[in-house]
Amino acid sequence: MANRINVEKEEDLQAQIEEVEALSSIYGDDWCVLDEASRIFCIKISNDLKGWKWTTCLQIMLPPDYPSASPPIYQINAAWLHGPERAKLANSLEDLYVEHVGESILYLWVEQIREFLMQKSQGSETDEPGEVNVTAEEEVDDAEDMPDFSMLKLNTIDPHFFMEHADDEELPPIKHGNTITDRRSTFQPHAASVVTPRQVKNVLQKLLENKKIASATHNIYAYRIYCEDKHSFLQDCEDDGETAAGGRLLHLMQILDVRNVMVVVSRWYGGILLGPDRFKHINNCARNILVEEGYTGSMDDAAKSGGKTKKTKGKKTK
């Protein structure tokens, strides 16, 4: 029993760190860390419309047994939010949690609040909104203090699935994104639309034909393929020696609810250790190319419909 409890705690901690890192990549400077040790975070949310800019701050604390058993403890900071409006928003957040018990919920909460602000701005254009200050993001601890994400649970994949498609299956176009350079390390993303594992293999082979990409210290990748007949995802990831990077990349793709796409991030190590910043650059690279190539176009629809990001159990394939 004690071992089982410890395993659940470790899984919750891994899920929390993955979720926080993905949200930091998605929301950038609007996301900040108030107290890393106590798992307290804050995100500034606005309606993103011209004219009056309705803004609020969602402050959250993650209990040790979130997301498996307990919801986040939260506080909505907005001087203009009172009475029935505050109750209505709180009820909508609680309803979302009930619909997704046991899953990561913060992204859905943030987008629900954003939708609430947009509705308010459209219905109360003459009211003057308030503004809330946000604490600057604190530095993250060294990567050595972070849990290992290499055991991410994925969909079960039948090995025969790889053999059902011809070797000469059409190679999808591969897009190459802009590079990020930090302390002589360079990161570059690549993306391709894929609908079969064979295409994933072909994309990798094609990329590695490029001598520069093949010489990268790491080529981290993740992919998600939606299976219409089973209403489930075929997904996997690879660290390529950068421990935990593949799992973090896949978690970002899950939160963005992208499908039928593969992302590869090449890193050329420059001789200076970057610590946890390397994961930030990997995720930022991936997010940039997914946005630029239009794969995140369904994000708003997914948020409104409560798109799920729950991981499914299974084996990892290479």
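Strand E3 is largely enclosed by the rest of the structure, because five of its seven residues are buried (buried means under 20% relative accessible area, with a 1.4 Å probe and protein chains only). A strand here is a DSSP run of E, at least two residues long, numbered from the N terminus.

A quick word on the model: it is predicted, so local features need pLDDT of at least 70, side-chain atom pairs count only at pLDDT 80 or more, and totals for chains, interfaces and linings use all residues. Residues are numbered from 1 along each chain as its sequence is written, and side-chain values use heavy atoms, leaving out hydrogens and water.

Now for the sheet around E3. Four strands make up an open sheet with antiparallel pairing, in the order E1-E2-E3-E4. Two strands pair if DSSP finds at least two bridges between them. At the edges sit E1 (31-35) and E4 (73-77), each pairing on one side only. From one strand to the next, the twist averages 25° (axes are lines fitted to C-alpha atoms, and angles run from 0 to 180 degrees between N-to-C directions).

| Strand joined to E3 | Bridges |
|---|---|
| E2 (residues 40-46) | seven bridges |
| E4 | five bridges |

E3 itself covers residues 55-61. Zooming in, phenylalanine 41 has isoleucine 60 in E3 as its bridge partner, while cysteine 42 has glutamine 59 in E3. Over towards E4, leucine 58 stands opposite isoleucine 76.

Note on methods. Buried < 20%, exposed > 50% of the residue type's maximum accessible area, 1.4 Å probe, protein only.
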